[in-house]
Amino acid sequence: MTGATAVSSSLFMPRVQRRRRSGRAFELLCMLLSLFGLAFLAVLIGRVLWEGASWISVKFLTNFPSQMFPENAGIKSALWGTIWLMAITTLTAVPIGVAAAVYLEEYAPRNRLTKLIHFNITNLAGVPSIVYGILGLAVFVRWFRLDRSVLSGGLILCLLVLPVVTIASREALLAVPKSIREAAYALGATRWQTVRWHVLPAALPGIMTGIILAVSRAIGEAAPLIIIGAVTYVAFVPTGPLDYFTALPIQIYAWTDASQPEFHHLAAAGIIVLLGILLPMNAVAVAVRASQQRKKLW
Amino acid sequence: MVKVLESEAPARRVALDLPLVRIPDRGPQREHALPSSERVIRAEQLTIRYGTFAAVREVTLDIPSHRVTAIIGPSGCGKSTLLRAMNRMNDFVPSASVAGKLFFRGEDIYRPGFDPVELRRRIGMVFQKPNPFPKSIAKNVSWGAAINGYQGNLDDLVERALHQAALWDEVKDKLDDNAYTLSGGQQQRLCIARAIALQPEVLLMDEPCSALDPIATARIEDLIDQLKAQYTVVLVTHNMQQAARVSDRTAFMYMGELIEVDDTTVIFTKPTQKKTQDYITGRFG
């Protein structure tokens, strides 16, 4: 026994120290690189806060923008424009995206056509937002004659986030175990009853997370809205879907472009407000996902 | 050779034994057809393919009423496939195709236009791994009845089904708790309760104890024994002792073919087929 051990150990060169060292080096490298990203983010946020925090006030939120007097300028129209956009985008993208995912995952046959559709949806998620802007300009603004209305803008953002919502919903549906579906079918449930009572409820947290992340992507988009000619200085709040509008990212972009340095502070303040909307949304998404993982039963 | 070494132990044994048992040495078979009044399900020359692979080959088998029929055989012999054909659960496997006939009370359930939804209420199923819904215990039992338009009182139904599944005493004070708070054995009895709440005529059980410990297994086996008074049970198992303990009839399948079916005592004491004998004496599988 002892002899065998001695013979076999001579066949190995463990070099444990060296292996440990290289592991440690890799760990350090990863840590430095992730700190690099974090540091950048901290600098950015710090700069924005430094520049803009003092400009945030009730007046800033409730005043319309002004081209002359930065001290009186506010984001009322941009804030309301963004709220309108989000409402239209959510109301259109969620039913269409979730329905598409349910159809593709639960109903559609697995054939070449559906594979092609899956593949294309994944690709669409990577299409630059400006392309959607151009498409929206041709379809919604010109063809449907919706003009540069908040409805046009919302529909463009809907197209933009639709692939994201669909993919996230599909993944959430895919994560519902087959055994739950089988259990329902084996009780004489129809496909719809199975989806309605078991698959969708189980997938809901995942779908919600996807929706929130998609909408928070849309909220920061400026390019496609600028393409359709969303106007910058709007001195009114949209009262209907066909009204002209501006939105926070557009307002921020316009102020960054202004020559007077005070407007740059306004841009920073606008960014803080935008982040103030985005961060809680993402926090909710993270919380929903975490609670779903805690409650995971299968 | 490398492949054989990498695979799981039982599979390796089958692979090594293959040359010995592949010859379809079919001796004189007994006549197994039952009078039509006694049989609930009849498979006739039933072949089920996944793509081009025939998982079940020309199986002709009668399932007698109010008996426990066990289907045994090594892994991959097609016993689960055959079972899942009986309530058309194979419909959800896109590549599956069926040839031959499968009768439930004289009606071919694979004829074009036959609706499997109503069939599945009349033929219940219990799966290998307990799969309760992530809902309350009561809801697990009542949901199937509710969607099938049950007219009676759902609370009574829940109690009755849980009694029948020998689970009532353990859960009567926590019917609103999530089903996943139960142990594995309790979950499986809940799944049985859920199936019998629909008052099916047949109960298909696909290795219902394979995920359970011996004590939970014993309870389920007791339960199966009681259930046959009211239901026809078809039990797929790769546990031969279980088949011997709980079943009245046993069908032995090997590589998609039905090798032999007879009363359980006959199968385990005087099988007519060499393969059956090899299997039950543990020479392979």
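Predicted model: local features only at pLDDT ≥ 70, side-chain atom pairs only at ≥ 80, totals over all residues.
Select the residues where they meet: 24 residues of chain B are in contact with 18 residues of chain A. Together the chains bury about 1,900 Å², and carbon and sulfur atoms give 70% of that area. On the chain B side, pick out B:Phe133, B:Trp143 and B:Tyr180, which lose the most area to chain A and together make up 27% of what that side buries.

Next, look for charges across the interface, where one salt bridge is found. Select B:Arg84 and A:Glu182: the closest N and O atoms of this salt bridge are 2.2 Å apart. Colour α4 (116–122), β6 (123–126), α5 (137–147) and α8 of chain B, the elements that each give two or more residues to the side touching chain A. Four residue pairs are in polar contact across the interface.

Now move to helix α9 of chain B, residues 214–227. Its 14 residues reach 20 Å from first C-alpha to last, close to the 20 Å expected. At its start, find B:Asp213, where a side-chain oxygen comes to within 2.9 Å of the backbone nitrogen of B:Ile215.

Show the side chains of α9(B). The buried ones are B:Ala216, B:Thr217, B:Ile220, B:Glu221, B:Leu223, B:Ile224 and B:Leu227. The face turned away from them carries the exposed residues B:Pro214, B:Ile215 and B:Gln226. Among the elements covering the buried residues are α8 (184–196) and α10 (240–246) of chain B.

Finish in α10, at B:Gln242. B:Gln242 counts as buried because its relative accessibility is 3%. Its contacts include B:Thr217 and B:Glu221, two of the buried residues of α9(B).

Methods: Residues numbered from 1 in each chain as written. Chains lettered and ligands numbered in written order. Heavy atoms only, no water. Helix = DSSP H or I, 4+ residues; strand = E, 2+ residues; numbered from the N terminus. Expected span 1.5 Å × (residues − 1). Buried < 20%, exposed > 50% of the residue type's maximum accessible area, 1.4 Å probe, protein only. Contact = heavy atoms within 4.5 Å. Polar contact = N/O pair within 3.5 Å; in protein donor to acceptor, adjacent residues only side chain to side chain. Buried area = accessible area lost by both parts, 1.4 Å probe. Salt bridge = Lys/Arg side-chain N within 4 Å of Asp/Glu carboxyl O. Lists of a residue's contacts leave out its neighbours within four places in sequence.
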